[in-house]
There are 2 protein chains.
Amino acid sequence: MKAIIHVSLKKAILDPQGKAIASALKTMGFDEVEDARQGKVIEIMLNGKGDEARLRDMCDRLLANPVIEDYKIELVA
Amino acid sequence: MKAIIHVSLKKAILDPQGKAIASALKTMGFDEVEDARQGKVIEIMLNGKGDEARLRDMCDRLLANPVIEDYKIELVA
């Protein structure tokens with residue numbers, strides 16, 4: 001079983017890395033770019049069935065900073 | 001229009017950050033974890049319709065390192 005965890009900054013939090021990407025793309029001539037935001041994805045290979053409560057625990061304690069980040073857990077067979 | 005770009009290390013490339021995550025989770029008692037890999041997601045807000053060829057160009061030139069990374073482009077309305 002595999003869990004895919006998407007971690008992104010909360011909407012209200014400024015994302016300087018995303019801003020840098022957007023500005024670099026514009027400088028390179030990609031004028032259609034309005035804004036960009038960067039997040040991370042963590043793929044976890046699990047033995048046995050994934051337990052969503054335990055995965056949420058992993059996110060809260062290690063993988064994400066719940067103060068400034070949101071996360072989404074996706075379980076794939 | 002929004003483009004979501006998933007960038008991940010190629011399968012054959014060692015991912016030390018993923019290994020660190022897996023080992024930290026195991027140390028914390030999450031014994032079901034076998035391995036982990038970390039990638040990034042870039043959300044790009046576009047004005048007008050997203051052109052996939054131009055998005056591929058952005059990936060090859062700035063967002064991913066095609067030598068060691070794979071990317072996947074997803075267009076969302």
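Tutor: Over all chains, the count comes to 10 salt bridges (a side-chain nitrogen of Lys or Arg within 4 Å of a carboxyl oxygen of Asp or Glu). The model is predicted, so local features need pLDDT of at least 70 and side-chain atom pairs pLDDT 80 or more, while totals for chains, interfaces and linings use all residues, and side-chain values use heavy atoms without hydrogens or water. Residues are numbered from 1 along each chain as its sequence is written, with chains lettered from A and ligands numbered from 1 in the order written.

Take A:Lys2 to start. A:Lys2 forms a salt bridge with A:Glu43, and their closest N and O atoms are 3.3 Å apart. A:Lys2 belongs to strand 1 of chain A and A:Glu43 to strand 2 of chain A, so this pair ties together parts 41 residues apart in sequence. (Strands are DSSP runs of E, at least two residues; helices are runs of H or I, at least four; both are numbered from the N terminus.)

A:Lys2 also stands opposite A:Val76 in strand 3 of chain A. Strand 1 (residues 2-9) of chain A pairs antiparallel with strand 3 of chain A over eight bridges (pairing needs at least two DSSP bridges).

Six strands form an open, antiparallel sheet in the order 3(A)-1(A)-2(A)-2(B)-1(B)-3(B). Strand 3 (69-76) of chain A and strand 3 (69-76) of chain B stand at the edges with a single partner strand each, so one side of each has no neighbour in the sheet. Neighbouring strands are turned by 20° against each other on average, direction ignored (axes are lines fitted to C-alpha atoms, for helices over the stretch in contact; angles run from 0 to 180 degrees between N-to-C directions). Helix 1 (residues 16-27) of chain A packs on the sheet, touching strand 2 (33-46) of chain A and strand 2 (33-46) of chain B. Its direction makes about 125° with that of strand 2 of chain A.

The two chains join at strand 2 of chain A and strand 2 of chain B, antiparallel, through 13 bridges. There, A:Gln38 has B:Ile42 as bridge partner. The contact takes 30 residues from chain A and 30 from chain B (heavy atoms within 4.5 Å). About 2,900 Å² is buried between the chains, 61% of it on carbon and sulfur atoms (accessible area, 1.4 Å probe, lost on being put together, summed over both parts). A:Phe30, A:Glu32 and A:Met45 supply 20% of the area that chain A buries against chain B, more than any other three residues.

Back to charge. Two salt bridges are counted between chain A and chain B. In a salt bridge, B:Arg54 and A:Glu32 meet through their side chains at 2.6 Å, N to O.

Key
Buried area = accessible area lost by both parts, 1.4 Å probe.
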